[in-house]
Amino acid sequence: MARKLGARPERLYAPALVESAAAQRAFLEQSVIREAIASAAEVQVAFVGIGCYGLYSSRHLVNGMRLSADELDQFLAADPVGDVCGRFVSRNGKPLGPPAADRVIGVTFDQLLHIPEVVGVAAGQEKADGVAAVLRSGVLKTLVIDATLARAILAM
């Protein structure tokens, strides 16, 4: 796909999620990982999936973080609703910080905000709350969704 688009692919040799903030710091100390994330943050166009807390891959993201009971309480108190690139946002679009943000290996929310064209992709009316929250965050420049999801968002 990169060849067809005239782009240069770059691999990120790391898991998307880790089980502790210490593991995240250790991965981010590796130059190959730091450089891959820096390259990703410098793209002109990013296509990102949008999730909704509790559904599909978003549920697996939280489970994979292995949050302690106290951390899970802190995460839930922040009102997670949508996610993009493993980064959760609250209902009002505010990016959530630790503990969940300390478990993701990838571009940060701030880096996403500086990419000139971020295209969000989602499908299914059940994702309306999550997509609306990510839209409120201001990170997306373009949204690609199916008709049922569009109708659900417009009805909100």
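The following dialogue explains how to read several features of a predicted model.

Trainee: Which conventions apply to this model?

Mentor: This is a predicted model, in which local features need pLDDT of at least 70 and side-chain atom pairs count only at pLDDT 80 or more, while totals for chains, interfaces and linings use all residues. Residues are numbered from 1 along each chain as its sequence is written, and side-chain values use heavy atoms, with hydrogens and water left out.

Trainee: How many helices and strands are there in the protein?

Mentor: Helices (H or I, at least four residues) and strands (E, at least two) are DSSP runs, numbered from the N terminus. The protein has 8 helices and 5 strands. Along the sequence, their pattern is α-α-α-β-α-α-β-β-α-β-α-β-α.

Trainee: What radius of gyration does the protein have?

Mentor: The radius is taken over C-alpha atoms, and the globule rule is 2.2 Å times the number of residues to the power 0.38. A compact globule of 156 residues would have a value near 15 Å, and the 16 Å of the protein agrees with this. The C-alpha trace spans about 45 × 45 × 25 Å along its principal axes.

Trainee: How is a pair of aromatic rings described?

Mentor: Such a pair is described by the distance of the centres and the angle of the planes. Rings of Phe, Tyr and Trp (its six-membered ring) pair if their centres lie within 6.5 Å; planes under 30 degrees apart count as stacked, over 60 as edge-to-face and the rest as tilted. By this rule there are 3 aromatic pairs. One of them joins Tyr-53 and Phe-75 edge-to-face, at 5.7 Å centre to centre and 65 degrees between the planes. Tyr-53 lies in the loop between strand E1 (45-52) and helix H4 (56-65), and Phe-75 in helix H5 (residues 69-77), so the pair ties together parts 22 residues apart in sequence.

Trainee: What is the geometry of the pair formed by Tyr-53 and Phe-88?

Mentor: The ring centres of Tyr-53 and Phe-88 are 6.2 Å apart and the planes stand at 75 degrees, so this pair is edge-to-face. It links distant parts of the chain, since Phe-88 belongs to strand E3 (residues 87-90), 35 residues from Tyr-53. Tyr-53, Phe-75 and Phe-88 form one aromatic cluster.

Trainee: Is Phe-75 buried or exposed?

Mentor: Buried means under 20% relative accessible area, exposed over 50%, and partly exposed in between (1.4 Å probe, protein chains only). Phe-75 is buried at 2% relative accessibility, and Phe-88 is buried at 3%. Tyr-53, at 30%, counts as partly exposed. Buried residues make up 37% of the 156 residues in the protein.

Trainee: Which backbone features deserve a look?

Mentor: Most residues other than glycine have a negative phi, and most peptide bonds are trans. Arg-66, in the loop between H4 and H5, has a positive phi near 50 degrees. Cys-85 has a positive phi of about 55 degrees although it is not a glycine; this residue lies in the loop between strand E2 (80-84) and E3. At 33% relative accessibility, Cys-85 is partly exposed. The peptide bond from Pro-98 to Pro-99 is cis, with omega near 10 degrees. Pro-99 is found in the loop between E3 and helix H6 (109-113).

Trainee: What share of contacts joins residues at least 24 apart?

Mentor: Contact means heavy atoms within 4.5 Å. Among contacts between residues at least 6 apart in sequence, 68% join residues at least 24 apart.
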